[in-house]
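User: Please take a close look at the sheet in this model. What packs on the sheet, and which salt bridges tie into its strands?

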Amino acid sequence: METAPRAIERSPRLYTRDAMADEFLFNYRSATDEILLEGMRFYAYHGVNPEERAQGQRFTVDVVLAVDLRRPGQSDDLADTVSYSAVYKVVRETVEGEPRQLIEAVAEAIATVILKGFPLVARVIVTVRKPEVPMKGSMLDAAGVRITRSRSDGSGGS
């Protein structure tokens with residue numbers, strides 16, 4: 001029977017081969033499964049141009065959460081996983097909240113709030129798109145950014 005990965009105490013002085021291998025296995029195991037929230041649509045006031053901030057526009061957001069789903073898969077218990085409705089709520093509050101100039105800042109704020117609020121999430125990938133980007137003469141479906149943040153790189157949470 002496989003045992004659960006043990007937590008790794010991080011210390012700037014402790015870079016042994018065993019500690020690094022344990023951390024790799026912990027992050028690998030906890031990051032092999034994913035919870036997806038795709039195509040979330042919001043209306044918000046982010047942008048550099050004054051008209052974007054005054055009139056607002058649509059944004060679409062995708063979130064991929066790296067979570068070990070073995071336990072909830074076996075238990076069939078919501079308490080053992082990350083509630084995607086709870087994640088949707090914090091994403092909505094973030095996107096529809098404080099206006100930012102850059103969608104990069106919106107994506108960073110989403111990643112931070114998820115890693116801080118959901119301890120089971122080892123890594124998060126956030127995509128933020130402007131479907132109707134205001135660029136003179138543009139012929140594109142959307143402009144956007146995609147970022148990846150994880151606990152192991154110090155992006156948030158613990």
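Analyst: Contact here means heavy atoms within 4.5 Å. Axes are lines fitted to C-alpha atoms, for helices over the stretch in contact, and angles run from 0 to 180 degrees between N-to-C directions. Helices (H or I, at least four residues) and strands (E, at least two) are DSSP runs, numbered from the N terminus.

This is a predicted model: local features need pLDDT of at least 70, side-chain atom pairs count only at pLDDT 80 or more, and totals for chains, interfaces and linings use all residues. Residues are numbered from 1 along each chain as its sequence is written, and side-chain values use heavy atoms, without hydrogens or water.

Helix α4 (residues 84-95) lies across β1 and β2, at about 30 degrees to β1. Helix α5 (residues 103-117) packs on the sheet too, touching β2, β3 (123-130) and β4. Its direction makes about 30 degrees with that of β4.

The sheet is open, with 4 antiparallel strands in the order β1-β2-β3-β4. Pairing requires at least two DSSP bridges between two strands. β1 (34-44) and β4 (143-150) stand at the edges, each with a single partner strand, so one side of each lacks a neighbour in the sheet. β1 and β2 (residues 57-66) pair over 9 bridges. A44 stands opposite Q57 in β2.

A salt bridge puts a side-chain nitrogen of Lys or Arg within 4 Å of a carboxyl oxygen of Asp or Glu. R129 and D62 form one at 2.8 Å, N to O. R129 sits in β3 and D62 in β2, 67 residues apart. E108 and R149 form another, also with N and O 2.8 Å apart. This pair links helix α5 to strand β4 across 41 residues.
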